[in-house]
Amino acid sequence: MMKIDSIKKILILGLALMAITCSVAAISAADTNATQKTFENGVLTLGGLQFKIPTGYTQVESDQDSSTPGDAEHIDGTTVDTEVSADFANGGEKLDIKVGFKNNGKIDTLNLGGAQKKSIAGKDGYFWTEQDDGRTEYNFEYLQDGKVVKIETYNEGLIGQVI
């Protein structure tokens, strides 16, 4: 009788270890999707979201910032745990795209003062302009699949082409 109890305990311990291993693997897979960056055939994929990059634009910078507790990243006032970005240029034109993630998967509101609500290419978000070295920079920020997306460019019409 003692041996059967010992075997049961070993089996239960083994099942518990398997459950922990599967949980860690699932979390790792989610983290990989959040930091995924590819650029092939004019299509940029940042964190599982796709963007169409117009012909003539070349990638000049790509970055991933992960924050530690108490040191969060921000996309225009919206706190995110991880931010993935890619910057492109075409001569003097720029195109910067950022995607922000939260570990809890919930981003209810964007914190944007001075921005106006606008719909571009079927995405409802916030639009505003800023001056950047004497040029007008157009900014559009919206939510998609629980992620904050921000597009910055000197060409307002480019935003709709990218989304």
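## Overall layout

From the N terminus on, the elements of this protein follow the order α-β-β-β-β-β-β-β-β-β-β-β-β-α, which amounts to 2 helices and 12 strands, where helices (H or I, at least four residues) and strands (E, at least two) are DSSP runs numbered from the N terminus. This is a predicted model, in which local features need pLDDT of at least 70 and side-chain atom pairs count only at pLDDT 80 or more, while totals for chains, interfaces and linings use all residues. Residues are numbered from 1 along each chain as its sequence is written, and side-chain values use heavy atoms, with hydrogens and water left out.

## Burial and contacts

Of the 163 residues in the protein, 33% are buried, a term that stands for under 20% relative accessible area with a 1.4 Å probe, counting protein chains only. Among contacts (heavy atoms within 4.5 Å) between residues at least 6 apart in sequence, 47% join residues at least 24 apart.

## Asn139 in strand S11

Asn139 lies in strand S11, which covers residues 135-144, and counts as buried because its relative accessibility is 0%. The side chain of Asn139 reaches the backbone oxygen of Glu137 at 3.5 Å. Leaving aside residues up to four places away in sequence, Asn139 touches several residues, including Tyr126, Phe127, Trp128, Lys150 and Ile151.

Notes
Buried < 20%, exposed > 50% of the residue type's maximum accessible area, 1.4 Å probe, protein only. Polar contact = N/O pair within 3.5 Å; in protein donor to acceptor, adjacent residues only side chain to side chain.
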